[in-house]
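Visitor: I'd like to learn how to read side-chain surroundings in a model like this one. Could you walk me through a few cases?

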Amino acid sequence: MRITWVTRSFLDYRLPVYRALDELCGHELTLIYNGDVNPERCKRRVAEFLGERAIALHGEKRLTGAKSDNATMANRGYRIPVQKGLVKAIRESKPDVIVSDGFFQWTYAALIVRMFNLKGIRHVMCYERTPHTERNAGKLRTMYRRFVSRWIDVIDCNGVLTAEYVRDTLKYRKPLAYGHMTADTDGVAARVAAVDKTEVDAVREEYRLNGLTFLYLGQLIPRKGIMQMLAAWKEARLEDATLMLVGDGVQRAEIEAYVRDNGLDNVRIVGAVNYDDLGPYYKAADCFIIPTLEDNWSLVVPEAMAAGLPVACSIYNGCHPELVQPENGWTFDPLDCAATAHTLRQISESRASLAEMGAASRRIVANHTPAHAAKGIYEACVDTQSY
(Lines give C-alpha, C1' and ligand atoms only; values in the text may rest on other atoms or scores of the structure.)
Protein backbone atom coordinates (compact mmCIF):
# COMPACT_ATOMS: atom_id res chain seq x y z
CA MET A 1 0.00 0.00 0.00
CA ARG A 2 1.38 3.40 -1.00
CA ILE A 3 0.98 5.92 1.83
CA THR A 4 1.90 9.60 1.54
CA TRP A 5 2.19 11.46 4.82
CA VAL A 6 1.90 15.24 4.42
CA THR A 7 3.24 17.15 7.41
CA ARG A 8 4.58 20.66 7.58
CA SER A 9 7.01 19.86 10.41
CA PHE A 10 8.14 17.02 12.61
CA LEU A 11 10.65 16.33 15.38
CA ASP A 12 12.73 13.38 16.58
CA TYR A 13 9.89 11.57 18.34
CA ARG A 14 8.09 11.10 15.01
CA LEU A 15 10.99 9.33 13.32
CA PRO A 16 10.42 5.88 14.89
CA VAL A 17 6.75 6.11 13.85
CA TYR A 18 7.68 6.90 10.24
CA ARG A 19 10.18 4.03 10.20
CA ALA A 20 7.70 1.52 11.63
CA LEU A 21 4.92 2.66 9.28
CA ASP A 22 7.26 2.36 6.30
CA GLU A 23 7.98 -1.24 7.23
CA LEU A 24 4.29 -2.04 7.68
CA CYS A 25 3.33 -0.71 4.24
CA GLY A 26 6.12 -2.57 2.45
CA HIS A 27 8.50 0.41 2.22
CA GLU A 28 6.04 2.48 0.23
CA LEU A 29 5.77 5.43 2.61
CA THR A 30 6.44 8.89 1.20
CA LEU A 31 6.91 11.82 3.57
CA ILE A 32 6.38 15.35 2.23
CA TYR A 33 7.47 18.15 4.57
CA ASN A 34 8.68 21.74 4.80
CA GLY A 35 12.42 21.72 4.26
CA ASP A 36 12.82 25.24 5.66
CA VAL A 37 11.48 24.73 9.19
CA ASN A 38 12.60 21.25 10.22
CA PRO A 39 15.91 20.65 12.07
CA GLU A 40 18.75 19.37 9.93
CA ARG A 41 19.23 16.37 12.22
CA CYS A 42 15.61 15.29 11.61
CA LYS A 43 15.88 15.73 7.83
CA ARG A 44 19.11 13.75 7.79
CA ARG A 45 17.73 10.92 9.91
CA VAL A 46 14.48 10.51 7.99
CA ALA A 47 16.42 10.38 4.71
CA GLU A 48 18.49 7.51 6.11
CA PHE A 49 15.52 5.13 5.90
CA LEU A 50 13.18 6.80 3.39
CA GLY A 51 15.80 7.98 0.91
CA GLU A 52 14.21 9.86 -1.99
CA ARG A 53 10.78 9.17 -0.54
CA ALA A 54 11.51 11.91 2.03
CA ILE A 55 10.57 14.98 0.00
CA ALA A 56 11.43 18.45 1.33
CA LEU A 57 9.64 21.41 -0.23
CA HIS A 58 10.80 25.01 0.10
CA GLY A 59 9.46 28.55 -0.22
CA GLU A 60 6.22 28.41 1.78
CA LYS A 61 4.13 31.57 1.60
CA ARG A 62 1.62 32.88 4.12
CA LEU A 63 -1.51 34.46 2.67
CA THR A 64 -2.74 36.07 5.88
CA GLY A 65 -2.69 35.81 9.62
CA ALA A 66 0.16 35.55 12.09
CA LYS A 67 1.91 32.68 13.76
CA SER A 68 0.62 32.00 17.26
CA ASP A 69 3.08 32.40 20.11
CA ASN A 70 3.75 28.96 21.65
CA ALA A 71 3.38 30.54 25.08
CA THR A 72 -0.24 31.51 24.48
CA MET A 73 -3.43 29.48 24.54
CA ALA A 74 -4.78 27.80 21.41
CA ASN A 75 -6.80 29.70 18.80
CA ARG A 76 -5.35 33.11 19.69
CA GLY A 77 -3.95 33.51 16.19
CA TYR A 78 -4.19 31.97 12.75
CA ARG A 79 -2.25 31.58 9.54
CA ILE A 80 -2.93 30.26 6.06
CA PRO A 81 0.23 28.73 4.60
CA VAL A 82 0.52 27.94 0.90
CA GLN A 83 3.31 25.74 -0.39
CA LYS A 84 4.07 25.84 -4.10
CA GLY A 85 4.13 22.37 -5.63
CA LEU A 86 2.58 20.61 -2.64
CA VAL A 87 -0.55 19.31 -4.39
CA LYS A 88 1.58 18.24 -7.35
CA ALA A 89 4.03 16.41 -5.09
CA ILE A 90 1.21 14.50 -3.42
CA ARG A 91 -0.26 13.43 -6.75
CA GLU A 92 3.13 12.44 -8.18
CA SER A 93 3.69 10.15 -5.18
CA LYS A 94 0.66 8.15 -6.43
CA PRO A 95 -0.75 7.36 -2.98
CA ASP A 96 -3.46 4.92 -2.12
CA VAL A 97 -3.92 6.82 1.14
CA ILE A 98 -2.88 10.30 2.28
CA VAL A 99 -2.11 10.91 5.97
CA SER A 100 -2.29 14.48 7.27
CA ASP A 101 -1.81 16.26 10.61
CA GLY A 102 -4.75 18.35 11.85
CA PHE A 103 -7.20 20.51 9.94
CA PHE A 104 -4.82 23.36 9.13
CA GLN A 105 -1.14 23.75 8.12
CA TRP A 106 -0.52 21.59 5.02
CA THR A 107 -3.70 19.53 5.32
CA TYR A 108 -5.34 21.85 2.79
CA ALA A 109 -3.42 20.06 0.04
CA ALA A 110 -4.55 16.62 1.20
CA LEU A 111 -8.13 17.90 1.23
CA ILE A 112 -7.79 19.25 -2.32
CA VAL A 113 -6.44 15.96 -3.65
CA ARG A 114 -9.17 14.02 -1.85
CA MET A 115 -11.87 16.47 -2.99
CA PHE A 116 -10.98 16.18 -6.67
CA ASN A 117 -10.15 12.51 -6.43
CA LEU A 118 -10.50 10.38 -9.55
CA LYS A 119 -8.31 7.46 -8.48
CA GLY A 120 -9.85 6.22 -5.26
CA ILE A 121 -7.33 7.97 -2.99
CA ARG A 122 -8.42 7.99 0.65
CA HIS A 123 -7.54 10.37 3.49
CA VAL A 124 -6.61 9.62 7.12
CA MET A 125 -6.12 12.63 9.38
CA CYS A 126 -4.20 12.49 12.69
CA TYR A 127 -5.83 14.80 15.22
CA GLU A 128 -5.01 15.76 18.81
CA ARG A 129 -7.22 18.65 19.95
CA THR A 130 -9.67 18.24 22.85
CA PRO A 131 -12.89 19.96 24.00
CA HIS A 132 -10.80 21.99 26.43
CA THR A 133 -8.14 23.16 23.97
CA GLU A 134 -10.87 24.04 21.46
CA ARG A 135 -13.23 25.80 23.88
CA ASN A 136 -12.33 29.12 22.21
CA ALA A 137 -12.19 27.84 18.63
CA GLY A 138 -15.06 30.02 17.48
CA LYS A 139 -17.85 29.37 15.03
CA LEU A 140 -15.83 29.96 11.87
CA ARG A 141 -13.15 27.41 12.72
CA THR A 142 -15.75 24.89 13.82
CA MET A 143 -17.81 25.37 10.66
CA TYR A 144 -14.71 24.94 8.51
CA ARG A 145 -13.75 21.73 10.27
CA ARG A 146 -17.24 20.29 9.94
CA PHE A 147 -17.37 21.19 6.26
CA VAL A 148 -14.02 19.69 5.22
CA SER A 149 -14.58 16.55 7.29
CA ARG A 150 -16.53 15.12 4.36
CA TRP A 151 -13.15 14.62 2.62
CA ILE A 152 -11.59 12.83 5.59
CA ASP A 153 -12.26 9.10 5.61
CA VAL A 154 -10.85 8.25 9.07
CA ILE A 155 -9.74 10.50 11.92
CA ASP A 156 -7.01 8.98 14.06
CA CYS A 157 -7.47 10.49 17.55
CA ASN A 158 -4.91 10.93 20.32
CA GLY A 159 -7.36 9.50 22.80
CA VAL A 160 -10.87 9.62 24.20
CA LEU A 161 -10.90 13.40 24.76
CA THR A 162 -10.04 14.05 21.13
CA ALA A 163 -12.73 11.59 20.06
CA GLU A 164 -15.21 13.44 22.27
CA TYR A 165 -14.48 16.72 20.47
CA VAL A 166 -14.62 15.11 17.03
CA ARG A 167 -17.93 13.36 17.70
CA ASP A 168 -19.76 15.91 19.83
CA THR A 169 -18.57 19.24 18.41
CA LEU A 170 -17.60 18.42 14.83
CA LYS A 171 -20.41 15.86 14.44
CA TYR A 172 -18.05 13.51 12.61
CA ARG A 173 -19.78 10.19 11.97
CA LYS A 174 -17.19 8.28 9.97
CA PRO A 175 -14.76 5.77 11.55
CA LEU A 176 -12.27 6.78 14.24
CA ALA A 177 -8.90 5.24 15.05
CA TYR A 178 -6.82 5.83 18.16
CA GLY A 179 -3.28 6.31 19.35
CA HIS A 180 -1.04 8.05 16.80
CA MET A 181 0.77 10.22 19.36
CA THR A 182 3.83 8.72 20.98
CA ALA A 183 7.04 9.78 22.67
CA ASP A 184 10.59 8.47 22.57
CA THR A 185 9.86 6.17 25.50
CA ASP A 186 12.48 3.57 24.60
CA GLY A 187 15.16 6.23 24.27
CA VAL A 188 14.27 7.83 27.59
CA ALA A 189 14.20 4.49 29.38
CA ALA A 190 17.62 3.59 27.96
CA ARG A 191 19.17 6.93 28.92
CA VAL A 192 17.79 6.73 32.46
CA ALA A 193 19.00 3.14 32.86
CA ALA A 194 22.51 4.24 31.83
CA VAL A 195 22.71 6.87 34.61
CA ASP A 196 24.88 5.81 37.54
CA LYS A 197 24.61 6.80 41.20
CA THR A 198 27.45 9.30 40.92
CA GLU A 199 25.55 11.36 38.35
CA VAL A 200 22.39 11.34 40.44
CA ASP A 201 24.29 12.34 43.57
CA ALA A 202 25.88 15.20 41.66
CA VAL A 203 22.48 16.57 40.63
CA ARG A 204 21.06 16.18 44.13
CA GLU A 205 24.06 17.94 45.64
CA GLU A 206 24.24 20.78 43.08
CA TYR A 207 20.56 21.65 43.43
CA ARG A 208 20.22 20.74 47.12
CA LEU A 209 17.42 18.25 46.50
CA ASN A 210 16.27 17.37 50.00
CA GLY A 211 13.76 14.64 50.78
CA LEU A 212 10.91 13.93 48.37
CA THR A 213 11.69 15.49 44.97
CA PHE A 214 8.99 16.66 42.57
CA LEU A 215 10.14 17.25 38.99
CA TYR A 216 8.60 19.64 36.48
CA LEU A 217 10.21 19.51 33.04
CA GLY A 218 9.08 21.86 30.29
CA GLN A 219 8.81 25.46 29.21
CA LEU A 220 8.50 28.23 31.76
CA ILE A 221 5.54 29.94 30.10
CA PRO A 222 2.07 31.00 31.35
CA ARG A 223 0.27 28.18 29.53
CA LYS A 224 2.05 25.57 31.65
CA GLY A 225 0.43 26.70 34.91
CA ILE A 226 3.65 27.03 36.89
CA MET A 227 2.51 30.08 38.87
CA GLN A 228 -0.62 28.20 39.90
CA MET A 229 1.51 25.24 40.99
CA LEU A 230 3.79 27.50 43.05
CA ALA A 231 0.79 29.02 44.84
CA ALA A 232 -0.39 25.50 45.73
CA TRP A 233 3.14 24.51 46.73
CA LYS A 234 3.21 27.45 49.13
CA GLU A 235 -0.16 26.45 50.61
CA ALA A 236 0.75 22.75 50.95
CA ARG A 237 3.73 23.49 53.22
CA LEU A 238 5.31 20.10 52.61
CA GLU A 239 8.02 18.96 54.96
CA ASP A 240 11.23 17.39 53.68
CA ALA A 241 10.35 17.97 50.01
CA THR A 242 11.81 19.84 47.02
CA LEU A 243 10.27 21.09 43.77
CA MET A 244 12.72 21.09 40.85
CA LEU A 245 11.85 23.10 37.72
CA VAL A 246 13.85 22.09 34.65
CA GLY A 247 13.38 24.31 31.62
CA ASP A 248 13.39 27.92 30.52
CA GLY A 249 11.06 30.46 28.99
CA VAL A 250 9.57 33.94 29.03
CA GLN A 251 8.13 33.51 32.53
CA ARG A 252 11.38 32.60 34.26
CA ALA A 253 11.99 36.04 35.83
CA GLU A 254 8.44 36.13 37.19
CA ILE A 255 8.82 32.64 38.64
CA GLU A 256 12.16 33.51 40.25
CA ALA A 257 10.65 36.63 41.78
CA TYR A 258 7.68 34.70 43.18
CA VAL A 259 9.93 32.04 44.68
CA ARG A 260 12.16 34.70 46.24
CA ASP A 261 9.38 36.98 47.50
CA ASN A 262 7.43 34.11 49.06
CA GLY A 263 10.39 32.47 50.73
CA LEU A 264 10.02 29.18 48.82
CA ASP A 265 13.49 27.97 49.69
CA ASN A 266 12.59 24.40 48.71
CA VAL A 267 12.03 25.30 45.04
CA ARG A 268 14.95 24.91 42.62
CA ILE A 269 15.03 26.50 39.15
CA VAL A 270 17.52 24.53 37.09
CA GLY A 271 17.07 26.19 33.71
CA ALA A 272 17.37 24.55 30.30
CA VAL A 273 19.00 21.12 30.02
CA ASN A 274 19.85 19.35 26.76
CA TYR A 275 17.32 16.63 25.95
CA ASP A 276 19.94 13.88 25.90
CA ASP A 277 21.23 14.96 29.32
CA LEU A 278 17.93 14.68 31.22
CA GLY A 279 18.54 11.16 32.55
CA PRO A 280 20.08 12.20 35.91
CA TYR A 281 17.23 14.66 36.58
CA TYR A 282 14.59 12.00 36.00
CA LYS A 283 16.48 9.57 38.19
CA ALA A 284 16.94 12.13 40.96
CA ALA A 285 13.18 12.72 41.15
CA ASP A 286 10.50 10.79 43.01
CA CYS A 287 7.41 12.12 41.21
CA PHE A 288 6.76 14.04 38.00
CA ILE A 289 4.27 16.91 38.05
CA ILE A 290 2.74 18.88 35.17
CA PRO A 291 0.24 21.67 35.99
CA THR A 292 -0.50 22.73 32.41
CA LEU A 293 -3.54 24.87 31.74
CA GLU A 294 -3.82 23.64 28.17
CA ASP A 295 -2.08 20.81 26.32
CA ASN A 296 -3.32 18.37 23.72
CA TRP A 297 -0.95 15.56 24.64
CA SER A 298 2.20 16.36 26.61
CA LEU A 299 4.99 14.12 25.34
CA VAL A 300 6.91 14.70 28.54
CA VAL A 301 4.28 12.69 30.47
CA PRO A 302 4.93 9.34 28.73
CA GLU A 303 8.65 10.13 28.81
CA ALA A 304 8.54 10.61 32.58
CA MET A 305 6.56 7.38 32.87
CA ALA A 306 9.18 5.56 30.80
CA ALA A 307 11.74 6.92 33.27
CA GLY A 308 9.83 5.10 36.00
CA LEU A 309 8.15 8.04 37.72
CA PRO A 310 4.60 8.32 39.06
CA VAL A 311 2.79 11.31 37.57
CA ALA A 312 0.68 14.15 38.94
CA CYS A 313 -1.11 15.54 35.89
CA SER A 314 -3.40 18.48 35.23
CA ILE A 315 -6.93 17.64 34.10
CA TYR A 316 -6.34 20.10 31.25
CA ASN A 317 -3.79 17.78 29.67
CA GLY A 318 -5.40 15.67 26.94
CA CYS A 319 -3.29 12.60 27.71
CA HIS A 320 -4.49 11.97 31.26
CA PRO A 321 -7.37 9.51 30.58
CA GLU A 322 -5.01 7.09 28.83
CA LEU A 323 -1.82 7.58 30.81
CA VAL A 324 -2.63 8.58 34.40
CA GLN A 325 -4.45 5.93 36.42
CA PRO A 326 -4.86 5.51 40.20
CA GLU A 327 -2.08 2.91 40.21
CA ASN A 328 0.50 5.31 38.75
CA GLY A 329 -0.55 8.82 39.64
CA TRP A 330 -2.96 11.62 40.38
CA THR A 331 -4.94 14.18 38.40
CA PHE A 332 -5.70 17.67 39.68
CA ASP A 333 -7.16 21.02 38.67
CA PRO A 334 -4.31 23.58 38.75
CA LEU A 335 -6.87 26.42 38.81
CA ASP A 336 -8.11 25.13 42.18
CA CYS A 337 -5.29 26.02 44.56
CA ALA A 338 -6.70 24.17 47.56
CA ALA A 339 -7.32 20.99 45.55
CA THR A 340 -3.83 21.11 44.06
CA ALA A 341 -2.30 21.59 47.52
CA HIS A 342 -4.33 18.59 48.70
CA THR A 343 -2.89 16.49 45.85
CA LEU A 344 0.64 17.56 46.79
CA ARG A 345 0.00 16.43 50.36
CA GLN A 346 -1.41 13.11 49.12
CA ILE A 347 1.77 12.49 47.15
CA SER A 348 3.89 13.36 50.16
CA GLU A 349 1.90 10.92 52.30
CA SER A 350 2.37 8.19 49.65
CA ARG A 351 6.18 8.20 49.71
CA ALA A 352 6.42 4.52 50.48
CA SER A 353 4.36 3.66 47.39
CA LEU A 354 6.01 5.91 44.81
CA ALA A 355 8.54 3.36 43.52
CA GLU A 356 5.75 0.82 42.95
CA MET A 357 3.67 3.48 41.20
CA GLY A 358 6.65 4.30 38.98
CA ALA A 359 6.81 0.66 37.93
CA ALA A 360 3.11 0.87 37.04
CA SER A 361 3.90 3.91 34.89
CA ARG A 362 6.34 1.82 32.88
CA ARG A 363 3.74 -0.90 32.34
CA ILE A 364 1.08 1.57 31.20
CA VAL A 365 3.32 3.50 28.83
CA ALA A 366 4.46 0.25 27.21
CA ASN A 367 1.17 0.40 25.28
CA HIS A 368 2.06 3.81 23.79
CA THR A 369 5.17 3.09 21.74
CA PRO A 370 6.08 4.16 18.18
CA ALA A 371 5.28 0.63 17.01
CA HIS A 372 1.77 0.86 18.49
CA ALA A 373 1.25 4.27 16.91
CA ALA A 374 2.39 3.10 13.48
CA LYS A 375 0.19 0.03 13.71
CA GLY A 376 -2.85 2.15 14.51
CA ILE A 377 -2.22 4.48 11.57
CA TYR A 378 -1.58 1.60 9.19
CA GLU A 379 -4.77 -0.17 10.23
CA ALA A 380 -6.70 3.07 9.69
CA CYS A 381 -5.23 3.28 6.17
CA VAL A 382 -6.19 -0.34 5.48
CA ASP A 383 -9.71 0.27 6.77
CA THR A 384 -10.24 3.10 4.27
CA GLN A 385 -9.88 0.63 1.43
CA SER A 386 -13.03 -1.22 2.47
CA TYR A 387 -15.40 1.66 1.76
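Guide: Happy to. Bear in mind that this is a predicted model. Let's start with His180, which has 1% relative accessibility and therefore counts as buried, the cut-off being under 20%.

Visitor: Where in the fold is His180 placed?

Guide: His180 is in the loop between β9 (176-178) and α7 (185-193).

Visitor: Which residues are in contact with His180, leaving aside its neighbours within four places in sequence?

Guide: Those residues are Arg14, Cys126, Tyr127, Asp156, Cys157, Asn158, Ala373 and Ile377. With Asn158 there is also a polar contact, side chain to side chain, at 3.3 Å.

Visitor: On to aromatics. How do I read a ring pair?

Guide: Two things describe a pair of aromatic rings: how far apart the centres are, and the angle of the planes.

Visitor: How many aromatic pairs are there here?

Guide: The count comes to nine. Take Phe10 and Tyr18: the ring centres are 5.6 Å apart and the planes are at 80°, so this pair is edge-to-face. Phe10 and Tyr18 are both buried. Ring pairs also join them with Trp5 and Tyr33 in a cluster.

Visitor: And why is the pair of Phe104 and Tyr144 stacked?

Guide: Because the planes are at 25°, with the centres 5.0 Å apart. That pair links distant parts of the chain, 40 residues apart: Phe104 is in the loop between β6 (97-101) and α4 (107-115), while Tyr144 belongs to helix α5 (residues 138-148).

Visitor: What about charges over rings?

Guide: Phe104 comes up again: the charged end of Arg141 sits over its ring, 6.0 Å from the centre. Another case is Arg150, which lies over the face of Trp151 at 5.5 Å from the ring centre.

Visitor: Last one: how do I read a helix for its buried side?

Guide: An α-helix has 3.6 residues a turn, so residues three or four places apart point the same way. Now look at helix α6 (residues 160-169), where Leu161, Thr162, Ala163, Tyr165 and Val166 are buried.

Visitor: What covers the buried residues of α6?

Guide: The cover includes β7 (122-127), α5, β8 (154-157), β9 and α13 (320-323). Finally, check what follows α6: Lys171 has a positive phi, near 60°.

Definitions and conventions:
Residues numbered from 1 in each chain as written. Predicted model: local features only at pLDDT ≥ 70, side-chain atom pairs only at ≥ 80, totals over all residues. Heavy atoms only, no water. Helix = DSSP H or I, 4+ residues; strand = E, 2+ residues; numbered from the N terminus. Buried < 20%, exposed > 50% of the residue type's maximum accessible area, 1.4 Å probe, protein only. Polar contact = N/O pair within 3.5 Å; in protein donor to acceptor, adjacent residues only side chain to side chain. Contact = heavy atoms within 4.5 Å. Phe/Tyr/Trp six-rings, centres within 6.5 Å; stacked < 30°, edge-to-face > 60°. Lys NZ or Arg CZ within 6 Å of the ring centre and 35° of its normal.
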